[in-house]
Amino acid sequence: MTGLAEGATRQAPPLELEQALALYRMMVLIRRFEDTVQLLFQRGEVPGTTHLYSGQEAVATGVASILERQDRVAGTYRGHGHALSLGVEPQALLDEMLGRATGVCGGRAGSMNVIDLAHGLMGCYGIVGGSIGAATGAALALKRSGGVAVAYFGEGATNQGYFHECLNFAKVHNLPALYVCENNLYGEFTPMEDVTAGSILARAQTLELPAQSIDGNDLWAVRDAAAAAVARARAGGGPQFIEALTYRFVGHSRSDPGAYRKPGELDAWRERDPLKLTRAGILERYDEAEEAQLDAADADVERQLEQMIAAGLAAPYPTPGPAAEFKAQ
Ligand SMILES: Cc1ncc(C[n+]2csc(CCOP(=O)(O)OP(=O)(O)O)c2C)c(N)n1
């Protein structure tokens with residue numbers, strides 16, 4: 001990692017137990033939300049397709065816990081976790097998956113294209129690397145008005161032209177951007193090493209972005225890296241890069257069983273399940289923490305989702321709007 005801009009901190013501010021429990025609960029919410037979307041998809045209730053975030057929860061939760069109101073975030077098609085971590089209303093997000101009028105985009109965006117500007121979510125982008133372009137543009141605007149723009153993207157996106165063009169542009173213009181590569185080892189069906197030359201970190205370092213590779217399943221590691229990077233960007237230190245090493249527990253999308261994985265690989269990563277690590281981390285770090293508090297968070301999320309499913313399935317569909325009338329002409 002290269003030097004810190006003046007005034008930047010090295011570590012995230014310590015969390016009170018209540019705050020740590022809230023972040024754990026957010027990670028459980030993201031996991032159970034994805035289980036629910038998959039279930040409803042299999043029942044034919046979710047139109048289109050889905051790309052689930054299960055296994056990567058610590059990345060979005062950790063980064064979002066550092067951001068402030070004026071910051072902007074561009075997520076990917078694997079973006080339900082990006083949205084929830086920013087505080088997008090879970091019911092409105094589920095209703096969006098179900099194509100209901102009560103959805104966060106009125107039921108017209110679906111899984112891959114969610115926008116919620118009220119919570120800083122500029123969009124979730126279906127084009128691989130699209131989030132990089134969007135966040136770089138936002139960073140150009142935020143350079144005047146204050147704030148940091150965050151782009152999430154997978155390791156596959158670092159083989160796209162946008163990646164190199166945008167990081168170069170952001171460096172030349174000293175933009176307040178944070179590029180978060182969620183390296184989950186696979187593209188659509190392709191192991192990273194089959195299509196990627198050299199190291200991803202080196203790609204950012206060669207453009208002289210402060211860059212760090214971290215354990216993306218460790219909530220505290222993500223928070224520390226994000227805190228330092230965001231502080232540097234806020235202090236005028238220009239664009240920053242984090243490679244978060246993580247793993248998706250599910251296939252690329254809908255019915256992909258992930259048969260291309262190496263034998264034993266999934267089980268090994270499940271041992272390092274970010275929910276498990278966060279539970280253990282809380283019990284280890286806080287003398288007053290009790291397992292019952294974590295179990296209560298699990299049960300609370302379970303109840304919340306049961307209510308959300310019932311409400312979502314009862315919600316109305318949107319009435320045909322101008323777009324539908326236009327088509328009919
Ligand atoms: C420009 C473009 N090319 C191809 C696709 C099809 N596609 C969708 S996701 C994906 C894999 C991307 O992998 P990665 O960037 O590692 O992200 P992950 O899905 O692992 O989160 C591909 C090739 C696309 N959506 N956009």
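1. **Contact of α1 with α4.** In this predicted model, L29, F33, T36, V37 and L40 of α1 meet P90, L94 and M97 of α4. By class, that contact holds 7 nonpolar residues, 1 polar residue and no charged ones. T36 is among the residues that α1 brings to the contact.

2. **Geometry of α1 and α4.** The two axes come within 11 Å and cross at roughly 25°. Angles under 35 degrees count as roughly parallel, so α1 is roughly parallel to α4. The crossing of α1 past α4 is right-handed.

3. **Geometry of α4 and α12.** Helix α4 spans residues 90-97, and helix α12 spans residues 291-314. Their axes come within 9 Å, with a crossing angle of roughly 50°. That angle makes α4 oblique to α12. Here too the handedness is assigned: α4 passes α12 in a right-handed crossing.

4. **Contact of α4 with α12.** From α4 come P90, Q91, L94 and D95. From α12 come M308, A311 and G312. The contact divides into 4 nonpolar, 2 polar and 1 charged residues. Note P90 and L94: they take part in this contact, and they also meet α1.

5. **Geometry of α1 and α11.** Helix α1 covers residues 17-42, and helix α11 covers residues 274-285. The axes come within 10 Å and cross at roughly 165°. Angles over 145 degrees count as roughly antiparallel, and α1 and α11 are therefore roughly antiparallel to each other. The crossing of α1 past α11 is left-handed.

6. **Contact of α1 with α11.** On α1, the residues are A20, L21, Y24, M27, V28 and R31. On α11, they are P274, L275, T278, R279 and I282. By class, the contact has 8 nonpolar, 1 polar and 2 charged residues. R31 of α1 and R279 of α11 both belong to this contact.

7. **Ligand shell.** The ligand is surrounded by 14 residues. The closest are V128, G154, G156, G187 and E188. By class, the shell has 5 nonpolar, 6 polar and 3 charged residues.

8. **Confidence.** The average pLDDT of the protein is 94, and 95% of the residues score at least 70. Two stretches fall below 50. Residues 1-7 are one of them; beyond near neighbours in sequence, this stretch has 13 contacts in the model. Residues 325-329 also have pLDDT below 50. That stretch has 1 contact in the model beyond near neighbours in sequence.

Technical notes. Residues are numbered from 1 along each chain as its sequence is written. This is a predicted model: local features need pLDDT of at least 70, side-chain atom pairs count only at pLDDT 80 or more; totals for chains, interfaces and linings use all residues. pLDDT is the predictor's confidence in each residue, from 0 to 100. Two residues are in contact if their C-beta atoms, placed from the backbone, lie within 7 Å. A residue is near a molecule or strand if its C-beta atom, placed from the backbone, lies within 6 Å of it. Ala, Val, Leu, Ile, Met, Phe, Trp, Tyr, Cys and Pro count as nonpolar, Asp, Glu, Lys and Arg as charged, and the others, Gly among them, as polar. Axes are lines fitted to C-alpha atoms, for helices over the stretch in contact, and angles run from 0 to 180 degrees between N-to-C directions. Helices (H or I, at least four residues) and strands (E, at least two) are DSSP runs, numbered from the N terminus. Angles under 35 degrees count as roughly parallel, over 145 as roughly antiparallel, 65 to 115 as roughly perpendicular and the rest as oblique. A crossing is left-handed if the near helix is turned anticlockwise from the far one by less than a right angle, and right-handed if clockwise.
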